Amino acid sequence: MPVEKKYETPLLDQLETGEWPSFVKEIKAAAENNAMANDLLGLLEQSYREKIGHWKHGGIVGVMGYGGGVIGRYTDLPDKYPAISHFHTMRVNQPAGWFYTSEALRTLCDIWDAHGSGLTNMHGSTGDIIFLGTRTEELENVFSKLTAAGFDLGGSGSDVRTPSCCCGKARCEWACYDTMGLTYYITNRYQDELHRPAFPYKMKFKMSGCPNDCVASVARADISIIGTWRDEIQVNQEEVRNYAKSGLDITKEIAMLCPGKCIEWDGNEIQIDNSNCRHCMHCINLMPKALAPGKDRGAAILVGSKAPIVEGALLSSVLVPFIKLEEPYDDLEIWEVIENMWDIWCEEGKNRERIGEFIQRVGLGNFLDAIGLEPQPEMVAFPRDNPYVFYEEYFEEEEDQ
Amino acid sequence: MALDIEKVKEAMYKLVKDSAGMKKWKATDLHKACEELFGDEYDKRGIGKDAIKELVEEGKLVYTYFGGSYLEIPHKEGAAND
Amino acid sequence: MSDAQPKRLTDIGPPHYQKFLPPIIKENYGKWKYHEILKPGVMVHYSETGAKLFTVRAGSPRLLSTKKIRIYADLADKYCDGHLRFTSRHNVEFLLTKEENIEPLIADLEALGHPVGGTGNAISSLVHTQGWIHCHSAATDASGIVKAVMDELLPYFKTIDLPAKIRVALACCLNMCGAVHCSDIAILGIHRRPPRIDKENLPKMCEIPNLIASCPTAAIRPSQYQGKPSVEIDEDKCMFCANCYTVCPALPLNNPLNDGVSIWVGGKVSNARHEPMFSKLAIPFLPNNPPRWPEVTNAVKHIVELWLKNAKKHERIGEWIERIGWPKFFRLADIPFQKEHIDDFKHAGLSYKRSVHLTYM
Ligand code: HEM
Ligand code: HEM
Ligand code: HEM
Ligand code: HEM
Ligand code: SF4
Ligand code: SF4
Ligand code: SF4
Ligand code: SF4
C-alpha cells in the first residue's frame, strides 16, 4: 500500500549522489510503501541536522521463551515519529556460508514486508540476516512465519552468538576442513545455549577454512577455528615456472616475504623447507595454480578474542595447535574441552567478563589445569621473561621424600 | 528422593521477585543460589536448566538484556514507548 | 493479526545450507583446485572435475530494502538459475556457470548502481555497524560515513592492482560491534563527555541499584537529589561504554558537541606474511560533519594515497608502517603526534620505544 512522503530530507538527499550504492535510496524505496521506513527517513534527517542519535535501548522485548535474537529499540521522539515508536531488530540465523536461492530470499522479503519496516542488513557483523525495525506485537508473527519457512532466530545477549564461517569447500580450494558443515553442526548442537542465555557474557564461534581467515575469526570470536595443514605444501613446478614466465618475481615477491624464510627459487624449481613453514598462505595466495595446502588437513583452535569493552581488546590465542575435523562431528574431542571451558567460566567468571578476559585474569596456565589440557609451546609467542614464578609446591627439609 | 522441579521453580521465582529492582539475576547466579539451597541434589545442567526454561515459557520470568542477559519478572521498562 | 497461527516451532536452527547450494557447487564441493581473478570483481574457480564456476562480486550498502533484495533475486534467476550468496564484508556474489552471462550481469548490476569489484588487491566493502539508523549509543552515523568514504575510494574497489588488500571498517562507538580493530584503516566513533544525569526523571525511569551495578568501572555512585535517592558519576572513571544509558534512559551519553570520529591504522586479520595485528591510533578526533564528513573522508583518502605511494608490493598498511617506523608515518602523513596517541591502559609500557632503532629523516 503506497505511503505518502512526509519529510523533506535535504541532508540525506546529498547521499543519493556518488557511485557507491546509497543506503538513502534503499530507505526511500522502502518508504514508498512502508510507514516505518518513511518515519525513519524523518528521524535520520533530524539526526543528521542535530548530529545526535535518537534511540533508546529496549531490554525486555523478545519472542516467547527465547532470551536472544531481538534487539529492542524505541525512539526518544515517539510523538513526532509514531510509526517507529517501536523499532526492534530481529536477528535471523543465516544459512552457513550465506548461500541463498532466489526463492528463499523472496520468502524472507514477504515476511518482512508484511510485518516490519521492509529494511534489512545483509548481513549483520556477526553474520545474521538483520530484520531492521518492527513493533513488539509483530515479533511473534514474524517468528512463527520464519519457523514455518524453516528459519530460526540467532543469538544476542549472554549466549552463544550465531556462528558464522567462510564459504570453505563450497568455493575455495584452500579450505582445510568443511567450514559450512562444521558451522551447521555447531549451530544445531548448541541451539539451547544460543537461545537461552546462561553465560557470564557473549560467546562467539567463527570458522575460517585457512589461515587467510576471511571471517576474521582471530579478531572477533571467542572460539576461532582456523583451517591449516601439517604436511608439505603441494607444488606443481611446471605451474611455478609459468607464474615466473608471466612476470612474477618469485625471489622478491615470495621467497623474501616468506616469514619462515624457507623458500628458495633457482629460476627453475622452488624448494620449500616445510619444517619451517609458518602456514601463513602468502606463497599459496600468490600462486594458486601452482601451490596448495598439504593433504594432511585440519585446523588450529584459538580462544579469547574480544573488542575493547571492558578490559581492553584481545586477539585469540592458540589452545589446540592442530586437530583433524572430520565427520562424525559428534565424536570429536573438542566439545568436551569447550564445554569444560564454559563450566569453569560460568562458575568463576564475573558478569560481562568474556572468556579471553577470564583467561587473562586467572592465567592461561591455571586455565589449562582447570580444563584438563597440557601446556604446549605453540600456545605462547615466547616463554615468560620475568622470573617471578609462583611454584605451587616445594620441599621442606624435614620431609623425607 | 528426587528433587521436585516445581520446588526449584518456586525457589527461583522467589529469589528474583524478592530482589526485583535491587539485584538482577543471571542464569548462573540462580544456579549458584539453588546449589546452596538444595545441595547435591541440584543439577544445574538438568533440573536447573529445565526449571528456567519452564519459568520463561510459562511467562513468569522473562529474559532481559541490559549489557548482559538477566532473568526478571515481566514489567514495563523505562525506555518503552506505547 | 488475522493470519492463522501455525504450530509454534522453536530451536529448529538455520536451514541446511545444502538446500541453497547451486548444483555445480554440490557436485564440486571440496574439489576446487585453483582460481583466477579474471578482472576486478570477477573470479573463476576450476574444479578437478573440469567444472568452472564464475563469481561476480558487487558492492552493497549492507542496508537493503526488500525491494533491492527482490531485484537481486530476479538477477539470480535471470543469470544464475536462482543462486547467489553474500560475503563476510556484505558484498553480494552471483554464481554463474555460463561465461557468456558475465558481461550482461555486470551491465545490469552497474545500471542498478552496484559496482562490481572488491576482489584481490583492492579495497572491499566497509564492514560497519548501525549508527543513527538503529543504535542508542552511537557517537556517529555508520552508513553515511561509509557511503561518503566509498564514493571517494571507488576507483580502488574497481581495481586489482594495489600493493595489497586494504580493509576499512567502521564502528560507531567503543563497543565496536564489527571487526574494526584489526583493519588497515578503522573509523571509530568516540564519545568524549561522560553521561549527563536527568535528575528529574531518573527515579521514575530507572532502578538505582541496578544502574549502579551496570557500570563496568564503578563510576556511578549513589547520592541524593531533593531528598530522593539519585546517582552521581565519577567522571574520571568513565570509559564511555554507554552501559548505564542502556539500563537507564535518564543518563544520556550522546552529545553533538563532544561526539566525533577517530582514525586507526595498520591492523590486519589474515596470517599472510605478518601475523594479525591491531589497528593503532592515527587521528584521535575528527568532528561529526554530516552528511558527507569531509574531514573523515579526506583523512582516509590521504592515508590510502600515502600508502599507495610508499608501500612495497604485498605490504599492507601495517606492514608498510612497521618497515618505516611510526615516527616516519606521522611525519609523512603530517599528523601531529599528541598525548592521546600514547597508551595509558594496562600494558602501556610495552608500547614505549625500548631501543634506539629510530629514524630521523
Ligand atoms: C557494553 C558493551 C556492549 C553494548 C552495550 C553493546 C550493545 C549493542 C547493541 C545495542 C547492539 C545493537 C545495535 C543495533 O542493532 O542497534 C549491538 C550490536 C552488536 N554488538 Fe554490541 N554491545 C556491546 C559490546 C559488544 C562487544 C564487546 C562486541 C564485540 C566484540 C559487540 C558486538 C556486536 C555485534 C557484532 C553487533 C551486531 C552489529 C551489527 O551487525 O551491526 N558488542 N551491540
Ligand atoms: C587470491 C587469493 C584469495 C582468494 C581466491 C580468496 C578467496 C576469498 C573468498 C572466496 C572470499 C569470500 C569468503 C566468504 O565471504 O565467505 C574471500 C573473502 C575475504 N578474503 Fe580472501 N582470498 C584470497 C586471498 C586473501 C588474502 C591474502 C587475504 C588477506 C590478506 C584475504 C582476506 C579476505 C577477506 C578479509 C575477505 C572478506 C572479504 C569480503 O567478503 O569481501 N583473502 N576471499
Ligand atoms: C589496540 C587497540 C585495539 C585492540 C587491541 C582491539 C582488539 C579487538 C579484538 C580482540 C576484537 C575481537 C572482538 C570480539 O569479537 O570479541 C575486537 C573487535 C572489534 N574491534 Fe577492536 N581492538 C582495538 C582497537 C579497535 C579500534 C580502534 C576499533 C575501531 C576503530 C575497533 C573495533 C572493533 C570492532 C568493531 C570489533 C568487532 C567485534 C565483533 O564483530 O565481534 N577496535 N577488537
Ligand atoms: C629468568 C630471569 C633472569 C635471570 C636468571 C637473570 C639473571 C641475570 C644475571 C645472572 C645477570 C648478571 C649479573 C651480574 O653481572 O652480576 C643479570 C643481569 C641483568 N639482568 Fe637479569 N635475569 C633475569 C631476568 C631479568 C629481567 C626480566 C630483566 C629486566 C627486564 C633483567 C635485567 C637485567 C639487567 C639490566 C642486567 C644487567 C645487565 C648488564 O650489566 O649488562 N634480568 N641477570
Ligand atoms: S578463509 Fe581460507 S578457505 Fe576460507 S574462503 Fe578464505 S581463503 Fe578460502
Ligand atoms: S605458507 Fe608462508 S611460511 Fe609457509 S612457505 Fe609459504 S610463504 Fe613461507
Ligand atoms: S558500535 Fe556501538 S553504537 Fe554502533 S551499533 Fe554497535 S553498539 Fe551501537
Ligand atoms: S558510560 Fe559506561 S563507564 Fe561511563 S558511567 Fe556509564 S556505564 Fe560507567
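Q: What makes the 106 residues a nonpolar core?
A: In this predicted model, the largest nonpolar core has 106 residues, and those with the most contacts inside it include A:I223, A:W342 and C:F94. A nonpolar core is a set of buried Ala, Val, Leu, Ile, Met, Phe, Trp, Tyr and Cys residues joined through side-chain atoms within 4.5 Å.

Q: Why is the pair A:E193 and B:K49 called a salt bridge?
A: The N to O value for the two side chains is 3.7 Å, and a salt bridge requires a side-chain nitrogen of Lys or Arg within 4 Å of a carboxyl oxygen of Asp or Glu, so the pair qualifies.

Q: Why is B:K49 called partly exposed?
A: Its relative accessibility is 33%. Buried means under 20% relative accessible area, exposed over 50% and partly exposed in between (1.4 Å probe, protein chains only), so B:K49 counts as partly exposed.

Q: What makes C:R323 and C:E315 a salt bridge, and is each one buried or partly exposed?
A: Their side chains meet at 2.6 Å, N to O. C:R323 counts as partly exposed because its relative accessibility is 40%, whereas C:E315, at 11%, counts as buried.

Q: How do you know that B:K14 and B:D18 are separated by about one helical turn?
A: The two residues are 4 apart in helix α1 (residues 5–18) of chain B, so about one helical turn separates them; helices are DSSP runs (H or I, at least four residues), numbered from the N terminus.

Residues are numbered from 1 along each chain as its sequence is written. Side-chain values use heavy atoms, with hydrogens and water left out.

Notes. Chains lettered and ligands numbered in written order. Predicted model: local features only at pLDDT ≥ 70, side-chain atom pairs only at ≥ 80, totals over all residues.
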